[in-house]
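User: I have not seen this structure before. Please show me how to read its features one at a time.

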Amino acid sequence: MTLLRDVVSELFGMFVTDARLSVAILVLVAAVAGLIAKFDLDPLVGGAILFLGCHLILIEAAVREARRRRS
Amino acid sequence: MDAVSWSVAAPAVGAAFVASLVEVVEAFTIVLAVATLRGWRPAVTGTFAALGVLGVLIVSLGPLLDRVPLHVLQLAIGVLLLLFGMGWLRKAVLRSAGVIPLHDEDAAFAAETEALAEQAKRKHTSLDWIAGLASFKAVLLEGLEVVFIVIAVGAGRGLLWPAAFGALAACVVVLAIGVVVHRPLARVPENTLKFGVGVMLSAFGVFWTGEGLGVDWPGQDLVLLIFVVLFVATGVATAALLRRPSVEVPQ
């Protein structure tokens with residue numbers, strides 16, 4: 001059972017190292033998908049939003065963690 | 001293979017190789033700790049048992065991938081790659097900035113050896129059994145990540161075999177070096193590799209997620225190179241910003 005728990009925890013940890021980072025990525029992807037599907041946004045513009053959004057999320061996650069550890 | 005398909009295969013093989021290198025080094029450290037403490041028999045038995053479980057997983061789950069529509073597969077894998085890759089990249093940026101300590105294979109080796117001895121004392125169990133189990137668990141857990149990476153970078157364009165070749169090459173390289181030096185591979189620039197892997201997986205993640213959402217990327221697969229360069233730039237710039245002690249982290 002310990003092994004199974006470790007496997008599940010490893011799998012979870014692979015995708016969720018920082019819960020806010022993971023949620024932000026999922027929200028970004030859902031928002032871009034919604035804009036393309038519901039508002040006929042040019043998919044290429046959607047792709048650009050996705051790409052830029054990922055950079056902003058990365059910067060925010062790193063800065064937030066650094067601030068937390070240094071405070 | 002023509003020039004365009006090489007442009008897709010090379011990043012897939014490279015990403016699988018480098019990412020697997022990091023995981024295999026971590027697994028090797030524990031297997032070596034087991035072997036040092038109890039000899040190669042439990043270490044090798046645990047390793048092969050884990051490889052067997054991973055093999056069964058691949059053989060049973062692999063064919064299911066063919067049944068998933070391509071766009072759904074690309075979107076699912078793209079999102080998982082983003083979650084996985086950006087997590088790695090964030091950690092690599094923080095390590096590079098000195099916010100969190102670098103991973104130390106020598107320390108991991110010492111800790112694992114000590115933990116194994118402690119566990120055997122506490123549980124009054126055969127040390128061979130505990131050693132074999134530790135080896136099994138290390139290879140299984142790190143191997144799961146390798147399997148995911150191979151599927152993630154390979155499945156979107158039918159590049160599972162080239163990606164698997166990249167992962168296998170990483171195993172061979174680590175084993176060959178490990179057999180020669182016979183100590184933890186502490187001099188592998190693990191954080192630099194993790195930074196690179198985080199960049200590559202994030203770039204693949206944006207690419208596949210976009211394809212899954214119907215984005216027709218200009219330049220097709222070559223856009224991956226631009227993604228990689230820009231992710232590196234963002235990662236390096238963020239690490240530099242966080243490294244400056246005189247600068248207050250923006251509130």
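Analyst: Start with what counts as a helix: a DSSP run of H or I with at least four residues, and helices are numbered from the N terminus. Keep in mind that this is a predicted model.

User: Where does Leu58(A) lie by that rule?

Analyst: Leu58(A) is in helix H3 of chain A, which covers residues 43-70.

User: Is Leu58(A) buried or exposed?

Analyst: The test is a count of neighbours: 20 or more other C-beta atoms within 10 Å make a residue buried. Leu58(A) has 25 other C-beta atoms within 10 Å, so it is buried.

User: What does Leu58(A) touch, not counting residues up to four places away in sequence?

Analyst: Leu58(A) touches Met86(B), Leu89(B), Arg90(B) and Thr234(B). Within chain A, the C-alpha atoms of Leu58(A) and Leu21(A) are separated by 7.5 Å, although the two residues are 37 apart along the chain.

User: How many helices and strands does chain A have?

Analyst: Chain A has three helices and zero strands, in the order α-α-α along the sequence. Its radius of gyration is 16 Å, well over the 11 Å that the globule rule gives for 71 residues, so chain A is more spread out than a compact globule. The C-alpha trace of chain A spans about 50 × 35 × 15 Å along its principal axes. Of its 71 residues, 27% count as buried.

User: How many helices and strands are there in chain B?

Analyst: Chain B contains eight helices and zero strands. Of the 251 residues of chain B, 47% count as buried. Take the contacts in chain B between residues at least 6 apart in sequence: 85% of them join residues at least 24 apart.

User: How many residues of chain B are in contact with chain A?

Analyst: In chain B, 35 residues are in contact with 35 residues of chain A. Helices H3 (70-96), H5 (127-154), H7 and H8 of chain B each supply at least two residues of the side that touches chain A. H3(B) gives the most, with 12 residues. By class, that side of chain B has 23 nonpolar, seven polar and five charged residues.

User: How should I describe two helices that pack together?

Analyst: Two packed helices are described by the angle between their axes and the distance between the axes. In chain B, take H7 (residues 190-212) and H8 (residues 223-243): their axes come within 9 Å and cross at roughly 130 degrees. H7(B) and H8(B) are therefore oblique to each other. Their crossing is right-handed.

User: Which residues make the contact of H7(B) and H8(B)?

Analyst: Those of H7(B) include Phe195(B), Val199(B) and Phe207(B), and those of H8(B) include Leu224(B), Phe227(B) and Gly235(B). The residues of the contact divide into 12 nonpolar, two polar and no charged.

User: What is there to read in the loop between H7 and H8 of chain B?

Analyst: Look at the backbone angle phi. Gln220(B), in that loop, has phi near 50 degrees, a positive value in a residue other than glycine. With 13 other C-beta atoms within 10 Å, Gln220(B) is partly exposed.

User: Where is Asp40(A), and what is its phi?

Analyst: Asp40(A) is in the loop between helix H2 (19-38) and H3 of chain A. Phi of Asp40(A) is near 50 degrees, a positive value in a residue other than glycine. Asp40(A) has 8 C-beta neighbours inside 10 Å and so counts as exposed.

Methods
Residues numbered from 1 in each chain as written. Chains lettered and ligands numbered in written order. Predicted model: local features only at pLDDT ≥ 70, side-chain atom pairs only at ≥ 80, totals over all residues. Axes fitted to C-alpha atoms, helices over the stretch in contact; angles between N-to-C directions. Parallel < 35°, antiparallel > 145°, perpendicular 65-115°, else oblique. Left-handed = near helix turned anticlockwise from the far one by under 90°. Contact = placed C-beta atoms within 7 Å. Nonpolar A, V, L, I, M, F, W, Y, C, P; charged D, E, K, R; others polar. Rg over C-alpha atoms; globule rule 2.2 N^0.38 Å. Buried ≥ 20, exposed ≤ 12 C-beta atoms within 10 Å, placed from the backbone.
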